[in-house]
Amino acid sequence: MTNVAPAATPGLISGPVHAQQRILRVLVASQILSGAGLAAGVTVGALLAQDMLGTTSLAGLPSALLTAGSALTAVAVGRISQARGRRPGLTTGYLTGAIGSAGVITAAVLDNPVLLFIALFVYGAGTATNLQARYAGADLAPPGHRARAVSSVLVATTLGGVAGPNLAAPAGTLAEHLGIPHLAGLFVISGAAYALAALVLALWLRPDPLLLARAVAQAKEADAAATDPASAETAGTGEGRGGVVLGALVMILTQLVMVAIMTMTPVHMHDHGHSTAASGLVIGIHIGAMYLPSPLTGWLVDRYGQMKIAAASGITLLAAGILAAAAPGDSVFLLALALALLGLGWNFGLVSGTAIITDTVPLATRAKTQGMVDVSIAIAGATGGMASGVMVAAASYPALALTGGALSLALLPAVAATAYRR
């Protein structure tokens, strides 16, 4: 009996090395598809609401609703993943997002704002699932390479995320031929993209990364218990709670600032006479900046540490807010540059915050905790989206941008205090 655990360990440990490569390929494929899906709500969600309601003050409501739906889905995906693995959790989330896309199209055809808001809430499931997938990339990665594993999954979203908004014009033309309002065209693409992402994961995300990671951890614990029972009893203890708080704070603030400024930029451009295609270009650049730098960000986090990159996030978001506030309303170039900095600051915060969470939460509760952290992130996004429309209506877009930039500076004392305690 004493030889069983040591004999099983080599097979388990060699398997994950090859499984991780396959898992990352499958996750990359699903992220490319889901990236196109999430772009619809960002690009035309606020414009749909403004068109139906005839007011700017509630134009931030779609973003708030889809991020609120994202919060609920984050809980569900986290709990399903905790109980059954990443594959069923992520698949369920993307299928729900596809159903929400169909609901938005129906609401646009019927010109029904109430149905639109309900459908956008359901559509938010795709956004939550897209973010939850980053955790799956890190389940089997060794500690010194987790940020790079996360970034490999995130960067795949770039292809779909950049292409999606720039399909706004042709998708609108196609929608009109099908008897669907022009602005709802992107949701036709998002529904198909989310459904295909769910299919890819359901068929090919095997072995399940979280379940395999648990099996490897259990085998290592069995080996440790057999060779040194005293060390096995103390394994897994550490500063998990502090890591969770810091990682969550970094991602919450970056999400709040990013969503608030991003949500009202298409409306700001529309009010200055820019076309949907121009807004799609700016949002496409923004989404590209959110995900394309991920490999570099992952390397920076693994090389220089999570704290430094988290601090860099706050500084970058401040620069984005200042530039967005100062940019003339007719300058597509400066607005695109501001939104690119906004996306980069968000990327710094997401990768560093995710690495902090993954490093400090044990496998036994990892998926559930990650889901709850993403709930907080989604609530922050909902707050930013809802408040952005109200603030622009009451003050101005530059005031919103400056407020967001200033708020991002709160990251610096939090990171400094944690670094001092360590």
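## Aromatic rings and their partners

Arg 303 lies over the face of Tyr 304, at 4.9 Å from the ring centre. This is a predicted model. Tyr 304 also has an aromatic partner, Trp 299. Their rings sit edge-to-face, with 5.9 Å from centre to centre and 85° between the planes. Tyr 304 has a relative accessibility of 41%, so this residue counts as partly exposed. Trp 299 is partly exposed as well, at a relative accessible area of 37%.

The charged end of Arg 134 is placed over Tyr 135, 4.1 Å from the ring centre.

How many aromatic pairs does the count come to? The count comes to five. One of them joins Tyr 123 and Phe 187. Why is this pair edge-to-face? The planes of the two rings stand at 65°, and an angle over 60 degrees counts as edge-to-face. The ring centres are 5.2 Å apart.

This pair links distant parts of the chain. Tyr 123 belongs to helix α4 (residues 113-138), while Phe 187 belongs to helix α7 (residues 185-204). The two residues are 64 residues apart. Are they buried or exposed? Both Tyr 123 and Phe 187 are buried. They also belong to one aromatic cluster, together with Tyr 94 and Tyr 194.

| Pair | Centre to centre | Angle between planes | Geometry |
|---|---|---|---|
| Tyr 123 and Phe 187 | 5.2 Å | 65° | edge-to-face |
| Trp 299 and Tyr 304 | 5.9 Å | 85° | edge-to-face |

How values were computed. Residues numbered from 1 in each chain as written. Predicted model: local features only at pLDDT ≥ 70, side-chain atom pairs only at ≥ 80, totals over all residues. Heavy atoms only, no water. Phe/Tyr/Trp six-rings, centres within 6.5 Å; stacked < 30°, edge-to-face > 60°. Helix = DSSP H or I, 4+ residues; strand = E, 2+ residues; numbered from the N terminus. Buried < 20%, exposed > 50% of the residue type's maximum accessible area, 1.4 Å probe, protein only. Lys NZ or Arg CZ within 6 Å of the ring centre and 35° of its normal.
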